[in-house]
Amino acid sequence: MSRMSARVLLRFHSAAGPASRRPVHQLASLSQAARLSEKKLRSLLYPFSDLEAHLSRQVDQRRFRLFQPNMEDLERAEKLFIPSPKHHILYSTSAVRADHMPELTQPEVRRQTRKILFQTTIYSVCFIGRSNVGKSSLIRALFSLAPEVEVRVSKTPGHTKKLNFFTVGKAFTLVDMPGYGHRAPKDFVDMVEPYLQERQNLVRTFLLVDGGAGLQKLDLVAMEMCEEFGIPYVLVVTKIDRTRQGALLALLLQLHDFIKDQTSTCFAQPFIVSSVQYSGIHFLRCFIAHVTGNLQLSSKPT
């Protein structure tokens, strides 16, 4: 597909609405989740485990376990998502052009009176997907342990049309990209392409796929754009609480085969999440901590 075709098809928006301090979900923290039964806890932390029994014996389950953190890893990752006086988590800014985006580096160390300044790159991850795929709801769930963070969610697709930046201490930056599809701004390509193509500290793009709708034409265009730019990305299936197990398993197998046969920069393991039931949220936090260089996985098995 030509670049012009992609420009015509991809029109993006960022869902936004009134923000307010919200209560912490009862399953947002591992300490609360640990009160669940062993079966329910495993389902929450590793939602793919609910589907394993339905897999054909011919399917190699290892391809869905390339990233498989244990409880210790999940606990260490969670700490990054808890604010403290020395670790601020906040919405920092919005941007529509490259010159509005935050700097790639920030001062980290000053040595006595000589003021020797070292610069450290703050890595970033970004989330993109079709309008109404649940992108902002997912980001809100990820930041649920910092309820004062503004993550705006709207029931009306196309309300906001900016890149929203969230700073997680000195660990990483998370970017809520405009959504593509319904009521997206005409200048999406001019806004998003420069970020994806030129942002040197971008280490992973999370491309969201609606679990009920499956892989759509515009999702394929977005994947093609990531492939064209050589951007490392991963597919995240949302709204799994609304998707029947059989349909979800079929979608995961489809995605895995598609990734294997038709992509080169997509992570081979698709993730599944529910922002309502918090399934897979702890798992995704851990992956973000890992790809931003803030967590080395333990060698202990799950």
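**Exercise 1: the space inside**

The largest cavity holds about 170 Å³ of space. Keep in mind that this is a predicted model. Work out which residues lie closest to the centre of that cavity and how its lining divides by residue type.

*Solution.* 
- Step 1: start with the search. Going through the whole structure turns up 1 cavity of 30 Å³ or more.
- Step 2: look at who lines the largest cavity. There are 16 lining residues, and the closest to the centre are P47, F48, F64, Q269 and F283.
- Step 3: sort the lining by type. You get 9 nonpolar, 4 polar and 3 charged residues.

**Exercise 2: strand 5 and its partners**

Find strand 5 (residues 123-129) and say which strands it pairs with, and in what sense.

*Solution.* 
- Step 1: check how covered strand 5 is. Of its 7 residues, 6 are buried, where buried means under 20% relative accessible area.
- Step 2: take strand 7 (residues 172-176). It runs parallel to strand 5, and 5 bridges join the two.
- Step 3: now take strand 9 (residues 202-210). It also pairs with strand 5 in the parallel sense, this time over 6 bridges.
- Step 4: Strand 5 pairs in the parallel sense with strand 7 and with strand 9.

**Exercise 3: the cysteines**

How many disulfides does a search of the whole structure find? Then decide whether C226 and C286 are buried or exposed.

*Solution.* 
- Step 1: A disulfide is a covalent bond between the sulfur atoms of two cysteines.
- Step 2: run the search. The count for the whole structure is 0 disulfides.
- Step 3: look at C226, which is in no disulfide; its nearest cysteine sulfur belongs to C126 and lies 7.4 Å away. The cut-off for a disulfide is within 2.5 Å.
- Step 4: check accessibility. C226 has 0% relative accessibility, so it counts as buried. C286 is also at 0%, and therefore counts as buried too.

**Exercise 4: the whole protein**

Describe the fold in a few numbers: what are the counts of helices and strands, and what share of the residues is buried?

*Solution.* 
- Step 1: count the elements. The protein has 9 helices and 11 strands.
- Step 2: take the buried share. Of 302 residues, 52% count as buried.
- Step 3: turn to contacts between residues at least 6 apart in sequence. Of these, 77% join residues at least 24 apart.

Terms used: Residues numbered from 1 in each chain as written. Predicted model: local features only at pLDDT ≥ 70, side-chain atom pairs only at ≥ 80, totals over all residues. Heavy atoms only, no water. Buried < 20%, exposed > 50% of the residue type's maximum accessible area, 1.4 Å probe, protein only. Helix = DSSP H or I, 4+ residues; strand = E, 2+ residues; numbered from the N terminus. Pairing = 2+ DSSP bridges. 1 Å grid on protein atoms, 1.4 Å probe; cavity = no way out; pocket = protein on both sides within 12 Å on 5 of 7 lines; lining within 4 Å. Points joined across faces, edges and corners; volume = space filled by probe spheres on them. Nonpolar A, V, L, I, M, F, W, Y, C, P; charged D, E, K, R; others polar. Contact = heavy atoms within 4.5 Å.
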